[in-house]
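Here is my note on the model, point by point. Please read it with the structure open.

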Amino acid sequence: MNIAIVGASGAVGQEFLRVLTEQDFPVDNLRLFGSARSAGQTRTFRGREYTIEELTHDSDFSGIDIAFTSAGAGVSREYADVITRHGAVMIDNSSAFRMDPDVPLVVPEVNGADAFDRPRNIIGNPNCTTIQMVVALNAIEKVSHIKRAHVATYQAASGAGAAAMEELREQCAQLTRGEEPTVCKFAHQLAYNVIPHVDVFTDNGYTKEEMKMYNETRKIMHSDIKVSATCVRVPVLRAHSEAIWVETERPVSVEEALEAFSNAEGLVLVEEKDGAKYYPMPLFAADSDPVYVGRVRKDLCDDCGLSFWVVADQIKKGAALNAVQIAQYLLKHS
């Protein structure tokens, strides 16, 4: 396969290179694209150095089979025609096209076949919080239809990019030294704090991040499920966590739920054993591939309710890995 990565110098762009290697994805030729600022920089892939090219309206994507794009919604919108005009499949990590009716929004474990219905040769990679949630929800959906879900997220600094991760590190160091912390990437100091504010607020009082979880989940699952989310930034470097409550059409026992989670693709069930305290945590989920689920229990307020806890690496499964898995699905089923 001839592969391009747009946004190669960013955190997700770098993760693409690692994931392609880890997944042993067949790459015959690789081209890296970035802004004028990153053009000329080099990146190493499988022992060879590649130079980042500047992305322009004259960039030639002929011969490219798949282009992974992670340079922001504005760049994706501006250059989509440049990237796809010679037949390349654009797997886009931004929010630019996610809710467009002619662009499939894909999590391979849930709706992989949707990737083949792409009139514009663009496939949307969902929001990170949505990806890990629907992998878990899909397991329960196979047992009983989910009518509604409530979710509180605990989102790592990685969701705001490499500079945000560095800001968290620096804030911790500054506070340790007794200095005033630098606040740039977030609305407030993140170190030793939680911020119930991810993305910008909309007219209904929810943020765009929270509305993504509502809208994207319905599109991916082809469902009338209703999702109410509160998204919170926490002082963790990598891996998002989510507390999820679902209401199903019929009561689902904990035993049924555990079996469904155990058999679900892409999920790892973490259970308590011999009294030991085992449950998913970002400390251990960071830099790993699966979505982890634990703390499975009946909702005390609803006979048809279940509660569970989900953790996944935001940069991996929440971004680069899911995009590469879409490409793998295309190859496997073509």
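1. R177 first. R177 is partly exposed, at a relative accessible area of 48%. The scale is this: buried means under 20% relative accessible area, exposed means over 50%, and partly exposed lies in between (1.4 Å probe, protein chains only). R177 pairs with E170 in a salt bridge, with 3.2 Å between the closest N and O atoms. A salt bridge here is a side-chain nitrogen of Lys or Arg within 4 Å of a carboxyl oxygen of Asp or Glu. E170 is partly exposed too, at 31% relative accessibility.

2. Ground rules. This is a predicted model, in which local features need pLDDT of at least 70 and side-chain atom pairs count only at pLDDT 80 or more, while totals for chains, interfaces and linings use all residues. Residues are numbered from 1 along each chain as its sequence is written, and side-chain values use heavy atoms, leaving out hydrogens and water.

3. Overall fold. The protein chain holds nine helices and 13 strands. These are DSSP runs numbered from the N terminus: helices are H or I with at least four residues, strands are E with at least two. The radius of gyration is 20 Å, close to the 20 Å that the globule rule gives for 334 residues, so the chain is as compact as a globular protein of that length. That radius is taken over C-alpha atoms, and the rule is 2.2 Å times the number of residues to the power 0.38. Along the principal axes, the C-alpha atoms fill a box of roughly 60 × 55 × 45 Å.

4. Of the 334 residues, 52% count as buried. Residues 24 or more positions apart account for 67% of them. The chain exposes about 14,800 Å², and carbon and sulfur atoms supply 49% of that area. Areas come from the Shrake-Rupley method with a 1.4 Å probe; for residues, only the protein chains shown count as cover.

5. Salt bridges. How many salt bridges does a search of the whole structure find? The count is 19. One of them joins E256 to R250, with the closest N and O atoms 2.8 Å apart. E256 is partly exposed at 28%, and R250 is partly exposed at 34%. Elsewhere, bridges that share partners link E15, R18, R238, D287 and D313 into one network.

6. The R18 and E15 side chains meet at 2.7 Å, N to O. Both residues sit in helix α1 (residues 11-22), three residues apart, about one turn of the helix. Is E15 buried or exposed? E15 counts as buried, at 0% relative accessibility. R18 is partly exposed, at 39%.

7. A buried loop residue. N125 lies in the loop between β7 (122-124) and α4 (128-141). Its relative accessible area is 0%, so N125 is buried. Beyond its neighbours within four places in sequence, N125 contacts residues including D92, N93, R98, I131, N322 and I326.

8. A nonpolar patch. Y279, M281, L283 and F284 make a nonpolar surface patch of about 430 Å². Patches take residues with over 30% relative accessible area and no salt bridge; like charges are joined within 9 Å, nonpolar side chains (Val, Leu, Ile, Met, Phe, Trp, Tyr) within 5 Å. Y279 sits in the loop between β11 (267-269) and α8 (282-285). Y279 is partly exposed, at 34%.

Note on methods: Contact = heavy atoms within 4.5 Å.
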